[in-house]
Amino acid sequence: MRTVLVTGPGGAGRTTVAAATALASARAGRRTLLISADAVPALPADTERLSCARIDSAAHFRDELLELQDRASGLLDLLGANRLDGEELTELPGSAQLAVLHALRRAAEGDGPEAGHEVLVVDLPPLPDALALLALPGQLRRYLRRLLPAERQAARALRPVLAQLAGVPMPAQWLYEAAARKDAELAAVEALVEDNATTVRLVAEPGQAAGEALRSARTGLALHGLRVDSVVASRVLPRHSADPWFAELAARQEKCLDLWHQEWTPGTSVREAAHLGREPRTADDLALLAETCATDDRAPGHAGDPWWTEDAGDGVIAWCLPLPGAVKEDLKLVRRGDELFLTAGPFHRIVRLESALRRCTVSGAALTDGVLRVRFTPDPALWPRTQ
């Protein structure tokens, strides 16, 4: 399934471009699903291959909490807890992100109304929230593995004894089963995001602030191996105008667009969506924008594991990661056991080291020409000795 993840700095018509992208795909003859938490502009009634799924984060939060309450009914009754009713539940901060992950999981597994589609278009939150959301499945899976390791289930026969020795009750089997179920759901979302048919589409109105946001986003996207198929410049003014005020604005936009063409090519197209002179609301408005938003199935998708290794001489191994737009002062590296904690500005990633690198010590790092090189020196105590 071809997946297009649409995001941008915000306030540039991201949801409208997502809807136009889905419309263009459907009119090209592909069964297309649009997922959004926001209301989308009116879609043409004659588009049979286009479906929309609206994310209701409040309903998802309520359903999840009630299900958890039912599964933990025995423990709650033991504690004498009062049950919560669905009508009294209001969603908590962070529930919107979990609702998006739930929708992506259903789409990845072809569950319910999301089944049978060839193209998935997802209207994500603005940057950098979208990048944090896309990294969330991997982070949550890591937390689950640390808090409830699957191998501990093998010792369930010893739990009564362990509980007596420790003086505290051991986790119930249902908790491990719930963790395994959530891990499988998160793995499905992670696989969707990391599929080589998944790309990111950025939407921004040409200007200095948007340009800075896009440059920062390039670093975060590269950190997670995500590739951009296109940058959609929205609300582009006509190049020529008799009005000096409009002419100056258009000149500023043109200067910004020239810079974007230089920064994002090759491999990423910069598309220009003309300003309609009004907010796009009707089906005709959306059809006009769809001409700019057609998807290209030949566009390279997720980069997979973006790291590679180089021989740095004297037995030193350089672990390399392309980080376009990264600034040396904003980089931070921390080695903890078999993992590397990497920070690039507002973006974070925890990477598990390859087998050979786990037997090395970090001896330095450098950012050169947009590539981060982390140097690893073999630890004599961990490498086999040669006679």
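Mentor: A residue is called buried when its relative accessible area is under 20%, exposed when it is over 50%, and partly exposed in between (1.4 Å probe, protein chains only). The model is predicted, with local features needing pLDDT of at least 70 and side-chain atom pairs pLDDT 80 or more, while totals for chains, interfaces and linings use all residues. Residues are numbered from 1 along each chain as its sequence is written, and side-chain values use heavy atoms, leaving out hydrogens and water.

Confidence comes before detail. The mean pLDDT of the chain (the predictor's confidence in each residue, from 0 to 100) is 84, and 87% of the residues score at least 70. Where pLDDT is low, the predicted coordinates should not be read in detail.

The part to examine is strand E6, which spans residues 228–236 and contains Asp229. Eight of the nine residues of E6 are buried, so the rest of the structure largely encloses this strand. Asp229 itself counts as buried because its relative accessibility is 7%. The side chain of Asp229 makes a polar contact of 3.2 Å with the side chain of Thr199. (Such a contact is a pair of N or O atoms within 3.5 Å; within protein, one must be able to donate a hydrogen and the other to accept it, and residues adjacent in sequence count only if both atoms are side-chain atoms.)

Two strands pair with E6; pairing requires at least two DSSP bridges. Strand E5, residues 198–204, runs parallel to E6 and is joined to it by five bridges; Leu202 stands opposite Val231 of E6. Strand E7, residues 269–274, also pairs with E6 in the parallel sense over five bridges, with Glu272 of E7 as the bridge partner of Ala233. From E6 the chain crosses through helix H9, residues 244–264, to E7, and this β-α-β crossover is right-handed. (With the strands pointing away from the viewer, the path from the first strand over the helix to the second then runs clockwise.) A right-handed β-α-β unit is likewise made by E5, helix H8 (residues 208–223) and E6.

The aromatic rings come next. The whole structure holds three aromatic pairs. Rings of Phe, Tyr and Trp (its six-membered ring) pair with centres within 6.5 Å; planes under 30 degrees apart are stacked, over 60 edge-to-face, and the rest tilted. Trp245 and Phe246 are edge-to-face, with 5.1 Å between centres and 80° between planes. Trp245 is exposed, at 53% relative accessible area, whereas Phe246 is partly exposed, at 38%. Trp307 and Trp319 are stacked, because their ring centres are 4.0 Å apart and their planes lie at 20°. This pair links distant parts of the chain, 12 residues apart: Trp307 is in the loop between helix H10 (283–290) and strand E8 (308–311), and Trp319 is in strand E9, residues 317–322.

Finally, the charged end of Arg218 sits over the ring of Trp264, 5.0 Å from its centre, and that of Arg336 over the ring of Phe341, at 4.8 Å. (This needs NZ of Lys or CZ of Arg within 6 Å of the ring centre and within 35 degrees of the ring normal.)

Note on methods:
Helices (H or I, at least four residues) and strands (E, at least two) are DSSP runs, numbered from the N terminus.
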